[in-house]
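The entries follow in the order I made them.

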Amino acid sequence: MHFDIDKIRNYFPVLRLEIYNKPLVYLDNAASTQKPLQVLMAYEKIHNDYYGNIHRAAHYMADRATSDFEAVRKKAGNFINASSEKEIIFTKGTTESINLVASSFGEQFIRPGDEIIVTEMEHHSNIVPWQLLTIRKGAKIIKLPISDIGELQTGLIPELINAKTKLIAVTHVSNVLGTINPVKQIIETAHARGVPVFVDGAQAVQHLPVDVQDLDADFYAFSAHKMYGPNGVGVLYGKEKWLEQMPPYQGGGEMISEVTFEKTTFSEIPFKFEAGTPNITGVISFGAAIDLLTEIGLANIAEWENSLLLYATEMLKSIKGLNIYGESGKKSGVISFNIKEIHPYDLGMLLDKSGIALRSGHHCADPLMKYYNIPGTVRVSFGLYNTREEIDRLMAALARAVEMLK
Ligand code: PMP
């Protein structure tokens, strides 16, 4: 594999920062990633060269912004191998993508007594919108449980599905455990029983190649800010056959065909779901992030990050009293752990003072914390720019912190 880590790190000047007089070691990539020069430059270029509102005025600035914006829709579609860019809706993030489906698909297809299967390892974003929907509609959430090593008990799915089941919501990769779920197999099982599947791809698309047609996902959501793009931009992929049947999510400009006070007709998909002025500059600079990921190659990124995962896991396991949550054989670059008798917040705070940026807390996954009966974990999450040297720094800082806290 040719993976030029020095060249990649040079794209991210922020990685040269020193904090508290220590080199920054950024290991909170599951929360959000740093931004490369390509994205920063694209953002500046739009403002300097051709900023205007899209899809509206017939002038150079608006035309150029519109064509660049729409080019990113095509790019995002190709990135996950959607069959048409009509299936790509821009949102402000994974959370909004999920809320859009819960609201619109929910309005059309969920009736009192219906059931939605949600897994025990979901981020709150992939629980709460479904819960609000079930409250609104008198429907019910059914939990798909996990096992101790942090894998979904997929064998239970056929038993959980019945005539009332209207949807399964599952994350592709867990933001706490790192588990890569067998979504293709889950979708196959669900489809054989006529149930569509919503996949939360927020922790997947930046780490492994994703092909929504191969997965046969009905919906797939992700956020630009976790994939080296700007914040405030997300994608919802939806199969055309669903999007065509779903009512608009929000009303406003852009999403209409004709408005009278008596009646409004709506635009074609995807515009029907994009009311108002979208995040024009965010979407266009997101294109630069997709280009970078494509150029480096997701398979190469997966291999690099997997080597970091294996190295760090082995090193961490050598620490006495350290317990890792999530020990599936199929993991992405996320490691959650606790050290006996040390609170994760204390550890996180001391590591921060050593220049190590990582996350400690419940990671917006309370049901998972309840399953393990813990208040939270310390979480290390890798990005494509991390190195073994940084893991060594983490280990040294960890040893110092443990010494102080014991
Ligand atoms: N799902 C998962 C698995 C996540 O990790 C996150 C972000 N932590 C989200 C959804 C929500 O993403 P966003 O905040 O970008 O909407």
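**Entry 1: domain interface**

I looked up the interface first: domain 1 and domain 2 bury about 2,700 Å² between them, 60% of it from carbon and sulfur atoms. Buried area here is the accessible area (1.4 Å probe) that two parts lose on being put together, summed over both. I noted that Leu298, Leu368 and Tyr371 supply 23% of the area that domain 1 buries against domain 2, more than any other three residues.

The model is predicted; local features need pLDDT of at least 70, side-chain atom pairs count only at pLDDT 80 or more, and totals for chains, interfaces and linings use all residues. Residues are numbered from 1 along each chain as its sequence is written, and side-chain values use heavy atoms, with hydrogens and water left out.

**Entry 2: domain bounds and contacts**

The assignment, which is automatic or from a database, gives domain 1 as 5–27 + 297–405 and domain 2 as 40–295. I read 28 Å between the two domain centres, taken over C-alpha atoms. The contact (heavy atoms within 4.5 Å) takes 33 residues from domain 1 and 32 residues from domain 2.

On the side of domain 1 that touches domain 2, α11 (298–317), β14 (334–339) and α13 (366–372) each supply at least two residues. The largest share, 6 residues, comes from α13. Helices (H or I, at least four residues) and strands (E, at least two) are DSSP runs, numbered from the N terminus.

**Entry 3: ligand site**

Which residues are closest to the ligand? I found 13 residues around the ligand, with Thr95, Asp200, Gln203, Ser223 and Lys226 the closest; the cut-off is a heavy atom within 4 Å. A side-chain N or O atom of Asp200 is 2.5 Å from a ligand nitrogen. For Lys226, a polar side-chain atom lies 2.7 Å from a nitrogen atom of the ligand. Gln203 places a side-chain N or O atom 2.6 Å from a ligand oxygen.

**Entry 4: loops and a salt bridge**

I looked up the loop between β12 (264–266) and α10 (280–296), where Pro270 sits. The peptide bond from Ile269 to Pro270 is cis, with omega near 5°.

I counted 16 salt bridges in the structure. In one of them, Arg73 pairs with Glu274, the closest N and O atoms being 2.8 Å apart. Arg73 is in helix α3 (residues 60–79) and Glu274 in the loop between β12 and α10, 201 residues apart.

Note on methods:
A polar contact is a pair of N or O atoms within 3.5 Å; within protein, one must be able to donate a hydrogen and the other to accept it, and residues adjacent in sequence count only if both atoms are side-chain atoms. A salt bridge is a side-chain nitrogen of Lys or Arg within 4 Å of a carboxyl oxygen of Asp or Glu.
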